[in-house]
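I opened this model today to look up a few points. My notes follow.

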Amino acid sequence: MKFNEFKYEHPDLDNYKMSVEKVLKSIGTDKSFDEELAAINKMFALTDELDTLYNLVSVRYSIDTRDAFYEKEMAFFDENLPALGEYDNLFNQRLLNSKNRTQLEQKLGSLIFKQAELSLKTFSPEIIPDLQEENKLSTEYSKLLASARIEFQGKTYNLSQIGPFKQDTNREVRKAAALATSNWMEENELEIDRIYDSLVQVRTKIAHKLGYENFVQLGYDRLGRTDYDHKNVKNYRDQIYSSLVPLVTELTSRKAKRIQIEEPKAYDLALSFLSGNPTPKGDMNELIQKAKEMYEEMSPETGEFWNFMVDNGLLDLDAKEGKMGGGYCTFIPEYSSPFIFSNFNGTAGDVDVLTHEAGHAFQVYSSKDNIPSYRWPTLEAAEIHSMSMEFLAWPWMNSFFQEDTDKYKFSHLAGALTFLPYGVAVDEFQHGVYENPELTPDDRKTLWRKIEKKYLPFKDYGEDSFLEKGTFWFRQSHIFSSPFYYIDYTLAQVVAFQYWIKSKESHKAALEEYKHLCSLGGSQSFVSLLNSAKLDNPFENGVVEKTIQPIKEYLASINDIEL
Ligand code: ZN
């Protein structure tokens, strides 16, 4: 069945609640193992049914926000879903009360119980008003940033539209675009300070009400991290500091030579090549066709997956009027179908959709028969599948980039390495902020600049006094809306590098291991998944250094000045 034939019917929530209440009566009570398991499976089916409807609405609404029907349905879900969270909470409580836990763990795995425990720790009806406040503040931040109107060269741009000017090959254009962005941020400084300060206060209040010392561990628990803590993360950041800071400093001076700038300023760093950044060759349909050839050649499983996506209309890739921005991959349970959404714009980012988002989609397709909470892993693990597929797709990149292939490969690896110190700086900043909630907005800026100088010593803001005082993080939305999430990208990147290394030795063997990892989905926690997939754990001493060594050698062997 094709995506546009997937049937949407307005959900009957009263009926849903009644069915859930009935099912819950058989869990965590005096029922036998068989009855309990049947009830749990029934609960999974009920949530899949609702999740299917929700996904159909949110995908169709994001494809055309002018569609009045789906706009109304979306508003219905936004209004009613939060209250249904109460039923998840009840399910978790009852699951943990089960007398048949040992047998259930044998059948369902133990992770679902750990997830239930964490989820109960992070919620209490007492914090509902604070959660609403937190959501409201987070929405205020996204709305404020989305409202940006930046005057530049006689035209008005939003924050993403001004992006390309920051990569312009003309230095004056880059500099002016950076200053124009800073000016807008500075005009809104007090408002952004107010929003973030309120977020820190309300999160700290929630943490205290739930019995946590501060928000740090609550942040970790909300992300479902069951097998590492802030000490492991600190040890990992230290490895990034000692191994990556010197390397990225060197890569930055190579870039400066390449783009012929003697003393590069922060606004010079988004440009990789004087001849411009690499671009894919061909229009959307040609790129989809190239992806088909790639996935069919790669393996029978990836070929079957990609053809399933294309044949069932599960890709909506072109930018068009009324469509939401950005890109994502989601899953529609009752049709066992992943869905990929994006806005192609002719940059290398289009190919990333066909590899990165397709990596997410391939993973969920591979674990589609898992129980709902095991279809996707936690976020640091989920990004392994997507980032690794970007590397496993390397042998086919010449068909996408043609004469730009070498440029693409160099900037792909150099960009991934360069990201790591920034990613951990964002994390260290948030630890500082939530461990010391009494800091003032100005103290936080000072803290950011100090951490930035530690991890990104080459960043020279020149005459941009606004960024110099420590405000670059204002534009990093994760800091506002998903605390402690950001480091996940860096952890996954270090793991994905291992697939780059493995695939140089044997692409076939690397792909087999990758497929196995994908099939596990979210049935295990992060570190267990690494062990099951024979991957080195980045929290362990020496793993970062060992992993980047072959990449360093590869980059050193490229004559990038010629690119
Ligand atoms: Zn991703």
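I started with the zinc ion. Its protein donors are H356 (NE2), H360 (NE2), E383 (OE) and E383 (OE). They lie 2.1 to 2.5 Å from the zinc ion. I am working from a predicted model here.

Next I checked the site geometry. The angles among the four donor atoms run from 53 to 143°. I noted the site of the zinc ion as irregular. I also wrote down the donor spacing in sequence, H-x3-H-x22-E.

Then I looked up where the two histidines sit. H356 and H360 both belong to helix α13, residues 349-366. They are four residues apart, about one turn of the helix. Are they buried or exposed? I found both H356 and H360 buried.

I moved on to how α13 meets helix α14, residues 379-392. Their axes come within 7 Å and cross at roughly 130°. From α13, the residues making the contact are T355, H356, G359, H360, F362 and Q363. From α14, they are A382, E383, H385, S386, M387, M389 and E390. The crossing of α13 and α14 is right-handed.

Last entry: R203. I located R203 in helix α8, residues 189-209. Why did I mark R203 as buried? Its relative accessibility is 0%, and the cut-off for buried is under 20%. I then listed what R203 touches, leaving out residues up to four places away in sequence. The list for R203 is E134, F215, R222, Y434, I479, F480, S481 and P483.

Note on methods:
Residues numbered from 1 in each chain as written. Predicted model: local features only at pLDDT ≥ 70, side-chain atom pairs only at ≥ 80, totals over all residues. Heavy atoms only, no water. Buried < 20%, exposed > 50% of the residue type's maximum accessible area, 1.4 Å probe, protein only. Contact = heavy atoms within 4.5 Å. Donors = N, O, S within 2.8 Å, 3.2 Å for Na, K, Ca; no water. Tetrahedral: all angles 85-135°; square planar, octahedral: opposite > 155°, others 65-115°. Axes fitted to C-alpha atoms, helices over the stretch in contact; angles between N-to-C directions. Left-handed = near helix turned anticlockwise from the far one by under 90°.
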